[in-house]
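Open the model in your viewer and keep the selection tool ready.

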Amino acid sequence: SAPAIAQECDSLVNVCYKYLTLDPHKTGKHFISDGQVYQAFVDAEQSAEFKVTFYGGSTYRIATTAGLKDDYVIFTVYDQERTPLFSNEDFKNAPYWDFEIENTLDCYVEAKLDIDKKVSGCLVVLIGFSK
């Protein structure tokens, strides 16, 4: 039902926000949300795609979640020509990725569920930038 899906997505947004503020390596970096909440309800055959612009000279974090475990979401960042720039699948589906951008770049972030771990549900993607 739609209200249950909305409630699931809303609770996952709160989980995902924690990944923006997480500082496991004690670097002192703090990430602030870009103000957008990217979310989609997907099943095993689907993915969600979000178009984003990363501005040169900035440090970003992409954070994802689809549940209480960290590794439910596979996300890939592509450039305009659909060349993959990064995939967390290469890093055991890590729930976030930090990166620096030298030049402003329009990208696509594709997110899907790891069907070996979860076959349907809401997934949330947040993008933050470092102060």
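Buried means under 20% relative accessible area, exposed over 50%, and partly exposed in between, with a 1.4 Å probe and protein chains only. This is a predicted model: local features need pLDDT of at least 70, side-chain atom pairs count only at pLDDT 80 or more, and totals for chains, interfaces and linings use all residues. Residues are numbered from 1 along each chain as its sequence is written, and side-chain values use heavy atoms, with hydrogens and water left out.

**Rings**

Select Phe75 and Phe86. Both are buried.

Now look at the aromatic pairs. Rings of Phe, Tyr and Trp (its six-membered ring) pair if their centres lie within 6.5 Å; planes under 30 degrees apart count as stacked, over 60 as edge-to-face and the rest as tilted. The whole structure holds 9 such pairs. In one of them, Phe54 and Tyr60, the ring centres are 4.9 Å apart and the planes at 65°, so this pair is edge-to-face. Phe54 and Tyr60 are buried. Phe75 and Phe86 make a tilted pair, with 5.9 Å centre to centre and 45° between the planes.

**Cores**

Next, the nonpolar cores. Each is a set of buried Ala, Val, Leu, Ile, Met, Phe, Trp, Tyr and Cys residues joined through side-chain atoms within 4.5 Å. The largest has 25 residues; Phe54, Ile62, Val77, Leu123 and Val125 have the most contacts inside it. Then select Val13, Cys16, Tyr96 and Val124, which are among the 12 residues of a second, separate core.
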